[in-house]
Amino acid sequence: MDHFLKHEEVRWADLDPNFHLRHSVYYDYGATVRIDFLHQQGLTAQFMHQHSFGPIIFREECVFKKEIRLNDVVSIDMRLQKATTDHSRWTIQHNIFKNGNILFAIVTIDGAWMDVVKRKLTHPPEEVYLAFNQMPRDVSFEWIT
């Protein structure tokens, strides 16, 4: 897969007192894209619950480039930047565009998988490995050693 893209329209509830997109919505857009991708790969909340694991985020960062306003339609992509060979740890970058190709923000997260019973990091099931192999990779992708 060379890219995974989702479109969102900015709603009134997404705005801050300055009438532009509230900072936390950028992170919500990234999470929505990631969860949609995982769901399409069969990694649903039910699957994770049945296998007692889930994602954990260590770092989440957004670089804001331009304002996004009410009724703007934005596109959010997702690219794997770094990963261990078993995909137990990873870095994913989301680019948020308006008007198709104008970059408005970059959201980057570092994460891993957690055993939700033991509350410890874990190696994910084979299905995660297969799903992450389908995830679009950034041109600067690198393996974590």
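This is a predicted model: local features need pLDDT of at least 70, side-chain atom pairs count only at pLDDT 80 or more; totals for chains, interfaces and linings use all residues.
Q: Which strands pair with β5, and in what sense?
A: Strands, like helices, are DSSP runs numbered from the N terminus (strands are E, at least two residues; helices are H or I, at least four), and two strands pair if DSSP finds at least two bridges between them. Here β3 (residues 73–77) pairs with β5 in the antiparallel sense over 3 bridges, and Ile76 stands opposite Ile96. Strand β4 (residues 79–83) is also antiparallel to β5, with 4 bridges, and Ala83 stands opposite Trp90. Strand β6 (residues 102–115) runs antiparallel to β5 and is joined to it by 10 bridges, where Arg89 has Ala112 as its bridge partner.

Q: Which residue takes a positive phi in the hairpin of β5 and β6?
A: That hairpin has 3 residues between the strands, and Asn99 takes a positive phi near 55°. In the hairpin of β4 and β5, with 5 residues between the strands, His87 takes a positive phi near 60°.

Q: How many residues of β5 are buried?
A: Buried means under 20% relative accessible area, exposed means over 50%, and partly exposed lies in between (1.4 Å probe, protein chains only). In β5 (residues 89–98), 9 of its 10 residues are buried.

Q: Which residues touch the most other members of the largest nonpolar core?
A: In soluble globular proteins, nonpolar side chains tend to be buried together. A nonpolar core is a set of buried Ala, Val, Leu, Ile, Met, Phe, Trp, Tyr and Cys residues joined through side-chain atoms within 4.5 Å. The largest such core has 35 residues, of which Ile96 and Phe132 touch the most other members. Helix α1 gives the most to this core, with 7 residues. Leaving aside neighbours within four places in sequence, Ile96 is in contact (heavy atoms within 4.5 Å) with residues including Tyr26, Ile68 and Phe104.

Q: Which residues of α3 are buried?
A: They are Val128, Ala131 and Phe132. These residues lie on the same side of α3 because they cover an arc of only 95° around the axis, the arc being that of the directions from the helix axis to the C-beta atoms. What covers the buried residues of α3 includes α1, β2, β4, β5 and β6.

Key:
Residues are numbered from 1 along each chain as its sequence is written. Side-chain values use heavy atoms; hydrogens and water are left out.
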